[in-house]
Amino acid sequence: MGSGNGSQPPVTGGPAPHHPVLLPEVLTALAPQTGGIYLDGTFGAGGYTRAILAHSGVHVVGLDRDPTAKQAAASVAADYPDTFTFRQARFGTLHDVVHSLDRPSLQGVVLDIGVSSMQLDQAERGFSFRVDGPLDMRMERDGPSAADIVNGADETTLASILFHLGGERDSRRIARAIVADRVATPFLRTRQLAELVARIVRGSPKGIHPATKTFQALRIAVNDELGELLMGLEAAEQTLAPGGVLAVVTFHSLEDRLVKRFLTRAAGRGAAGSRHLPQAQAPAPPSFTLPSGQPVLPSATEVERNPRARSAKLRYAIRTEAPPLKPDPELRSLIGPNRTVTER
């Protein structure tokens, strides 16, 4: 599931139940068909996967970079031994995964971007400021952690991460305070960092915790989430069959802007050139069509049942027969600090 790291009440009764966000709307967009092969690029607890598998005659490939997803995947595989395949992998590699399984094209791809509710609710993962835990935030439990960034990056880099990936207006003051305080005591716990930010950032009238944007920015940087998202969008464009559907659920403006820009360009709705200048060449045919009525938002009933859905947006598009477009350098400029997009 996508990011829900916003204003949340204190944990009082254990982890919140997992609710796949915008599930009916995602299924309507995908319209699973008998014989179709679908890919759930953010498997998590398997909510989208199980809902797709409920349609007869479909096969689902589930991907997740988090090794803890294997337990839920084993449960789904026990119920659907012949129609479900799981791989621990980033969805940015979905093109390679699909071809390694000898499944050259897909009828649908669904991506639910960000951190899952299960990850947020596990204090030892270090994603949430609501409960104290190690300052980690690594989805794959490998590579540099949030603590490594907070304690090792220089002030300018820290401020850039907080501003570009979190939209934090007080990014420079927070970065300056982190660099000053870490000399005496390194930041190793989520509570340490949350308390520092709370000393600097004013509380929101809406009750949003002052550390929300800081934690979001660090999580995105640790996991290269925007770079991974762009690679996933491009990989889906390469792998979907004509008529196949790409459905993406996002939870904050950085993700949504990247998805919107990608799909708008792919659908041939990008900015037109100047009418006073000759066109260097004819525009490439669109690789997707965009149905109207987007983005699709959660209902009031869903938000009431699952507050983490309140900022969710669904965008979806249908693959055409045209070849994939060349990568867009301007999209890479939206990724910000710590980007690691691989050219295909």
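A salt bridge is a side-chain nitrogen of Lys or Arg within 4 Å of a carboxyl oxygen of Asp or Glu. Side chains of opposite charge can pair when their charged atoms come close. This is a predicted model, in which local features need pLDDT of at least 70 and side-chain atom pairs count only at pLDDT 80 or more, while totals for chains, interfaces and linings use all residues. Residues are numbered from 1 along each chain as its sequence is written, and side-chain values use heavy atoms, with hydrogens and water left out.

**View 1. Salt bridges in the whole structure.** The search of the whole structure gives 14 salt bridges. The views below show some of them.

**View 2. Arg138 and Asp136.** A salt bridge joins the side chains of Arg138 and Asp136, at 2.7 Å from N to O. Asp136 has a relative accessible area of 16%, so it counts as buried (under 20% relative accessible area; exposed is over 50%, partly exposed in between; 1.4 Å probe, protein chains only).

**View 3. Glu225 and Arg219.** In this salt bridge the closest N and O atoms of Glu225 and Arg219 are 2.7 Å apart. Both residues, Glu225 and Arg219, are buried.

**View 4. Arg261 and Glu330.** Arg261 and Glu330 form a salt bridge whose closest N and O atoms lie 3.4 Å apart. The pair links distant parts of the chain, 69 residues apart: Arg261 is in helix H12 (residues 253-266) and Glu330 in helix H14 (residues 329-332). Helices (H or I, at least four residues) are DSSP runs, numbered from the N terminus. Arg261 is partly exposed, at 34% relative accessibility, and Glu330 is exposed, at 53% relative accessible area.

How values were computed: Helices (H or I, at least four residues) and strands (E, at least two) are DSSP runs, numbered from the N terminus.
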